[in-house]
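We'll start with the packing inside, then move to the open space and a couple of single residues.

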Amino acid sequence: MQKILIIGASGSIATVVRKVLLEKTDAQLTLYVRHPERLTINDPARETLIQGDVTDDNTLKAALADQDLVYANLSGALDHYAQHLVAAMQTVGPDRLIFITTMGIYQEIPAWLGDSPEPYTNGILRPYRRAADIIEASKLDYTIVRPGWLDNADDTNYQLTKKGAPFGGHDVSRQSIADLILRIVADPTVGSRESLGINRPERH
């Protein structure tokens with residue numbers, strides 16, 4: 001039975017991921033959130049709630065203890081958060097990390113799909129790219145996930161692209177991201193030390 005720490009558990013993707021993990025695995029879930037009032041425990045036998053900020057190093061390290069995998073789904077100052085998370089994981093474990101960023105951090109958006117701004121000078125992309133840099137420079141067994149624009153379609157029609165390959169579509173469902181995370185939970189070698197783009201395929 002795996003133990004999974006979900007950081008940012010009240011987020012829109014994490015809500016779908018929780019549901020899928022509860023339905024399709026026997027994993028024990030630790031839900032790490034800043035605002036616990038926004039979250040309802042679905043399965044008291046398998047879910048534990050911890051109130052904390054990812055920059056609160058002592059609380060974070062306590063939450064990381066005895067976990068097998070960390071899934072981080074944050075927004076805001078991602079580079080700052082990644083620094084704290086990587087440092088804590090490299091100190092107390094675990095080694096396996098799934099971290100959500102966004103498409104465009106490597107200028108991998110092809111011309112037919114839209115603009116691909118320089119990530120270090122773009123105010124929106126900068127923290128996402130810097131977070132990826134921090135994680136990629138670590139010794140962790142990471143998977144960086146770069147979704148397209150999110151929608152609530154009930155489909156798992158998606159393709160994965162590796163770092164350096166152009167994106168193949170603009171959108172992706174939250175259900176698709178949950179399916180990818182389910183695959184990694186089932187087989188932690190999937191996406192090991194890789195940055196994976198995920199999108200619904202489009203013709204062009």
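## Cores

A nonpolar core here is a set of buried Ala, Val, Leu, Ile, Met, Phe, Trp, Tyr and Cys residues joined through side-chain atoms within 4.5 Å. Buried means under 20% relative accessible area, exposed over 50%, and partly exposed in between, with a 1.4 Å probe and protein chains only. This is a predicted model, so local features need pLDDT of at least 70 and side-chain atom pairs count only at pLDDT 80 or more, while totals for chains, interfaces and linings use all residues. Residues are numbered from 1 along each chain as its sequence is written, and side-chain values use heavy atoms, leaving out hydrogens and water.

The largest nonpolar core has 30 residues, and I4, I6, L21, L29 and Y71 have the most contacts inside it. Two or more residues each come from β1 (3–7), α1, β2, β4 (69–72), β5 (96–100) and α5 (174–186). Helices (H or I, at least four residues) and strands (E, at least two) are DSSP runs, numbered from the N terminus. There's also a second, separate core of 29 residues, with L78, L85, F99 and Y106 among them.

Take I6: setting aside neighbours within four places in sequence, I6 is in contact (heavy atoms within 4.5 Å) with A14, R18, L21, L29, T30, L31, Y32 and Y71.

## Helix α1

α1 has 13 residues and runs 19 Å from its first C-alpha to its last, close to the 18 Å expected at 1.5 Å a residue; that expected span is 1.5 Å times one less than the number of residues. Its buried residues include I13, A14, V16, V17, R18, V20, L21 and L22.

## The largest pocket

A pocket is an open set of points on a 1 Å grid over the protein atoms alone, where a 1.4 Å probe fits, with protein on both sides within 12 Å along at least five of seven lines; lining residues have an atom within 4 Å of a point. The largest pocket is lined by 37 residues, with N73, L74, S75, T101 and Y128 nearest its centre. α1 (12–24), β2 (28–33) and β7 (149–151) each give two or more residues to that lining.

H84 sits in helix α3 (residues 78–92) and is buried, at 18% relative accessible area. Not counting residues up to four places away in sequence, H84 touches V54, T55, D57 and L60.

M1, in the segment before β1, is exposed, at 65%. Leaving aside neighbours within four places in sequence, M1 is in contact with D26, A27, Q28 and D68.
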